[in-house]
Structures are given as C-alpha cells and as structure tokens.
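Here is a short report on a ligand site and a pair of helices. Look at the structure first, then read on.

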Amino acid sequence: MTVEELEDLPGVGETTAEKLREAGFKTVEAIAVASIGELKDATGMGESASKKIITAARDSEDMGFETASELLKKREKIGKMTTGSKELDMLLGGGFETGSITELYSRFGVGKTQLAFQATVNVQLPKAEGGLEGKALYIDTESTFRPERILQMAKGKNIDEKNVLKNIFVARAFNTDHQMLLADKATEMISENNIKLIVVDSLTGLFRAEYVGRGVLATRQQKLNRHIHTLQRLSDLHNLSIVVTNQVMANPGLLFGDPTTPIGGHIVGHASAYRVYLRKGKAEKRIARLVDSPCMPEGECVFKVTENGIEDA
Ligand code: ADP
Ligand code: MG
C-alpha cells in the first residue's frame, strides 16, 4: 500500500490529521521518524493507536531489502581504526568501524572533541598501526577545531607534522542548512581525497540552537534524520568511518534515572551502530560506556586524555 497523505494512515481521520499537522507532523515522513510519546502528546491518541500509525508510516517509507549474504559480503570489507586507547578499541570491537556511525555523547568538556581530533590523526596511520591510510573530513559546528592540538597529537604518534594537517579537511558549519549541505556535497571530496573518516562535531548543537520549543520538535527531528541518513549513506558507499558528537542536556522532565539525555534521542540512537557515553574519572581519566551496540556487549572501560592525546589509562 502506498501512503501519501496522512489520511491514508490507519486510524487517521480528518480530525486526527488536522491535529497532527498542527503539531508539526505534516508529512508521512515526519510520522515515520516520530516516537510514540510524541504522537500521543500531539493527538491525544492511545499508545497502540499511535504505534499503529508510526508502523504504517515507517513501512511506507521503507528502503527495501537486501539478503543477509549480501550484507555479510559488505561487512567483510569493514575496517577498524584505533581510537588511541586499546581498552576503548576493545570495547568497540576493534576501534572506530568503517561503514558505521559512532556517536560519542557526554556533558561539556569531557573529551568528545579530543577523541574526534585523535581520530583525524589515527586515520592517517599505516594499517599495521591501527590506521586506515586515509584522510579526514571534519565538520566543525562549534568552532572548537584546533590545528595546534592536532599537531600535539601527531607528535605523540610520531607522524610527520608537516603533512598531518594537510590530510584533514575542515569546514565550519554556520547553521543546520549549511551543515546538511556540507554533508550533501562531500561525495566528490571523498573519492578525490581518499577520505576514510568524517567527523561531525557536534552533530546536534546547531539543531538544538535553531529549533527551540515543542512546536518545532517534529521539524527538527526530520531534518536531523535526513542529515544522519546522508551520513550513513556516505559511510556505506565509501566504506568510511563516521564519528559524531552529541552533548547531553539536563532533562528536567525526568525524576528518576540518568538525568541527562542525548539530543535527537531515538533518531540519532537508531542510526548509530555504536553509542559511547563518556564521563569524567579522576584527573585525566575518562570512563567510556558502550550503549546499545548491535553486536557488542555493553561494557565500560577507562582511558585518559593527555598532552599526547588519547591513551590507555
Ligand atoms: P567536549 O566533550 O566538550 O568536546 P573536549 O573534547 O573539548 O570536551 O575536552 C576538553 C578536555 O580535554 C579538557 O578539559 C582537558 O581535560 C582535556 N584536554 C584538552 N587539551 C588537552 C591537552 N593539551 N592536554 C591534556 N588534556 C587536554
Ligand atoms: Mg567538543
């Protein structure tokens, strides 16, 4: 069944469709990427009715199947690059993976950007040393890219300092449209320059700044979803590693449990093969926790951030 109008979805009559549109869910795509809670809030419908609508919307937006053996063949080509810490590599099943998105999330100042910097250095290493012998593309949305810090890390790895910065292409994104455009336009750069890593630091900051308030949540999620899919497609097509950062915000609505949640919630979580939650330990120590991996057990490890970069604790 093709679903084009909201009214084509099961259980959605004129009144519900109107409520959905008012809440910002104007298209089937918007509903496909919504959560049950969001839809319940928007329409006053119950859990199961909301779920039914989302499922129908997702089915109609489906991208199609491929056989598991085709998938296995693709996965045989997958590469891993070292994070700088063997413990963290092990937690991730070998390091940052090509063909996948790894999401690093934490509070401000814990070390997301440091890990991202180290990745732009390590991707250049020979394969025998845990690199991918490639170059990096860095989308900087927070103006925190520091070439001086990259040089420090290169020194720690005994990489030729003259070339290390030439192998990192940095673009500063000014707003979400610009950020999305940079990802859309990356294809040409990737094949011309043997790009093996794309960093988006941060993935969500500009989205959070531009889309404030309940009425625009649906629009924000859709745009973010589209952006993530662009990134996912790039990593699939070119077998490169994607590392994104996401700052957690205090969730005032939550009384129990972890009071911090990553921005973009389930949208980012769904697309990221590896989600790593970072927190501070004593002094230069940092604790990484792997959350929700499709094929690795949950677990924690300790690494440290030093002048040389990311290292084992
Ligand atoms: P965020 O998670 O907000 O991106 P950062 O990656 O910027 O956080 O981490 C900042 C932290 O990294 C600093 O507080 C410090 O602990 C550490 N750090 C940054 N530069 C250095 C350095 N040159 N030597 C040692 N530690 C550093
Ligand atoms: Mg940062």
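## Polar contacts of the ligand

An oxygen atom of ligand 1 sits 3.3 Å from a polar backbone atom of valine 110. This is a polar contact (a pair of N or O atoms within 3.5 Å). Another line-up involves lysine 112: an N or O atom in its side chain is 2.8 Å from an oxygen atom of ligand 1. Arginine 149 brings a polar side-chain atom to 3.3 Å from a nitrogen atom of ligand 1.

On its own, ligand 1 has 570 Å² of accessible area, and the protein covers 68% of that. Accessible areas come from the Shrake-Rupley method with a 1.4 Å probe.

## How the model is read

This is a predicted model: local features need pLDDT of at least 70, side-chain atom pairs need 80 or more, and totals for chains, interfaces and linings use all residues. Residues are numbered from 1 along each chain, chains are lettered from A and ligands numbered from 1 as written, and side-chain values use heavy atoms, without hydrogens or water.

## The shell

How many residues surround ligand 1? There are 15, and the closest are Gly109, Lys112, Thr113, Gln114 and Arg286. A residue is near if one of its heavy atoms lies within 4 Å.

Helix H7 (112–122) gives the most to this shell, with 3 residues. Helix H8 (147–156) and strand S11 (299–306) also give two or more. Helices (H or I, at least four residues) and strands (E, at least two) are DSSP runs, numbered from the N terminus.

Definitions and conventions
A polar contact is a pair of N or O atoms within 3.5 Å; within protein, one must be able to donate a hydrogen and the other to accept it, and residues adjacent in sequence count only if both atoms are side-chain atoms.
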